[in-house]
Amino acid sequence: MQCNSPIQEECMDLFIESLEYAKLSSSHIPTLFFLAETIIYWIRTDTVNQPFLRAFEIKLLKVGKMIFERIYIHFIDKSLDDHYDLIDHLSIYLQGFSELKAAYSPYPDAFLYIEFMIKIGEIINDHLKNPTSETNTTAASYLTDSEKRLNMLDQFLWSTIELFKMLRSKYTAKKLDEFLANFESLIFRDENWLDASLSLFILAECSKINSKALDLFLQLSFKDDDYEDRLIRDEISPRKTLKSSGLFKWPIELTCVYVELLGEICINASSLSLKRKALLGNHREAGDVFNNVDAQVYGLLDTAKFLANSQSDWMVRYMAVKSLVRICKSLNDKENEEFRQISWACLVIFQESEKNPNVLEALKVGQINSKIEPLMKKIESSRLNVYCRFAYRLGDLKNHGLPQSQINRESPIEDEFKAIRLVSLPTESFSVQNKSIVTNTDSKIVDQVFNPVKKRTTLKDELLINARFENKVPKYNERKTFDLMRIVEDQFRKDLKNNFKE
């Protein structure tokens with residue numbers, strides 16, 4: 001990625017794809033911290049000094065956000081408990097990093113990525129210094145204390161996870177309706193936008209495959225002027241309705257996440273009806289959005305004309321315009337042609353009516369990933385992204401109360417083991433002598449899969465064997481070796497920079 005050429009951007013595209021779909025593994029933790037430090041160093045010494053925003057810079061910031069998200073996931077499931085040295089070293093790189101926010105404030109997406117990195121860095125660093133602090137009210141702190149798991153914030157998160165797991169399994173419409181009724185008594189709290197965004201990420205994955213989940217996602221944006229008063233009243237007399245302060249009162253970071261996820265649903269939803277609902281909200285036709293018809297919930301087109309009488313409402317419109325550009329660039333197949341034409345027509349109207357030049361910058365920024373997104377859209381339908389894996393990971397944490405870093409329960413390879421009733425593979429290679437170890441009453445089934453007469457294993461057998469064994473977490477000496485290498489590389493970079501100035 002050090003080369004300044006189109007190859008650099010292509011490498012970054014592949015990097016984004018791998019971070020989106022790679023499995024979660026505690027063996028990746030040292031690598032994630034090294035990458036996080038590298039990204040921060042790169043931003044502070046190179047990209048932030050550029051006179052204008054480059055396509056590569058946006059991709060670099062997105063990579064940084066995705067890396068920090070994975071670190072936060074491992075922090076939540078307590079996989080970082082033995083890596084305080086890595087956290088402490090990362091905190092050195094993060095010192096003064098928040099001062100860069102002003103440089104990216106004209107670009108809400110870049111600003112949001114920086115905010116993710118800063119917020120997660122502050123949380124894990126604060127936990128390192130005050131592991132038992134009562135002021136630590138993040139989702140992660142609740143997860144480490146079983147007595148606090150049922151507080152209202154976590155209850156919404158847990159319910160969202162259970163909904164995701166239900167939609168990914170066999171269920172009946174009656175069972176789904178009964179479960180969705182539980183959301184009527186929940187509160188979507190937005191005091192900590194990072195924790196609230198976790199629920200939005202998982203709920204968005206549900207919305208891509210189920211219309212009722214999408215209705216729930218859109219309902220969170222409902223403008224409720226009496227939100228705080230209703231919370232007080234409901235403590236005395238509970239009312240059956242999901243309580244949310246709505247888009248107008250959310251922190252701007254959470255609002256930008258909501259709009260960005262609407263765009264993701266429009267691009268990657270499993271059906272055209274879901275895409276249409278995410279685009280139009282509660283409107284029947286796109287024309288209703290421009291006829292001043294009040295929106296009960298906010299679809300993507302509603303957010304593109306968002307006005308909240310605040311200094312940050314233009315950031316919401318920027319994210320919406322960027323999502324519309326992505327839709328027009330990504331959905332270029334015949335099946336989505338009509339939907340794409342509607343989005344394009346609306347985009348032209350917004351372009352002509354928008355007066356803020358910062359919002360119009362989204363027309364350029366939205367085209368940055370126009371080449372890679374159609375390819376990722378095809379992958380989306382067949383592979384679990386990081387948020388799906390995150391939901392499974394938190395589900396394991398709730399059910400078992402222990403980190404599940406070494407378990408990849410969502411792996412389709414594991415399902416093949418269950419299908420052949422094989423509990424585990426022997427540590428030695430397959431042979432006639434140890435055949436009895438893997439055979440019992442189901443010997444006929446096993447013989448069909450593992451034939452001891454074979455001269456070499458098939459590709460399927462090799463995948464099965466490799467999938468059962470995962471690299472162990474590096475020991476203390478190995479981690480210290482990584483730290484030493486970082487110091488050497490940092491010094492090498494400084495020398496190169498000084499030589500370049502000379």
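Glu 9 has a relative accessibility of 29% in this predicted model, and because burial requires a value under 20%, Glu 9 counts as partly exposed. Its salt-bridge partner is Lys 59, with the closest N and O atoms 3.3 Å apart. The pair joins distant parts of the chain, since Glu 9 belongs to helix H1 (residues 6-21) and Lys 59 to helix H3 (residues 55-76), 50 residues apart. Lys 59, at 3% relative accessibility, counts as buried. Asp 13 also takes part here, in a network of salt bridges that links Glu 9, Asp 13 and Lys 59.

An α-helix has 3.6 residues a turn, so residues three or four places apart point the same way. Arg 317 also forms a salt bridge with Glu 354, where the closest N and O atoms are 2.9 Å apart. This pair again links distant parts of the chain, with Glu 354 in the loop between helix H18 (337-353) and helix H19 (357-360), 37 residues from Arg 317. Arg 317 is buried at 9% relative accessibility, and Glu 354 is buried with a relative accessible area of 14%.

The protein as a whole contains 27 helices and two strands, and 51% of its 502 residues are buried. Helix H2 (residues 29-45) reaches 24 Å from its first C-alpha to its last, and 13 of its 17 residues are buried.

Note on methods. Residues are numbered from 1 along each chain as its sequence is written. This is a predicted model: local features need pLDDT of at least 70, side-chain atom pairs count only at pLDDT 80 or more; totals for chains, interfaces and linings use all residues. Side-chain values use heavy atoms; hydrogens and water are left out. Helices (H or I, at least four residues) and strands (E, at least two) are DSSP runs, numbered from the N terminus. Buried means under 20% relative accessible area, exposed over 50%, partly exposed in between (1.4 Å probe, protein chains only). The expected span of a helix is 1.5 Å times one less than its number of residues. A salt bridge is a side-chain nitrogen of Lys or Arg within 4 Å of a carboxyl oxygen of Asp or Glu.
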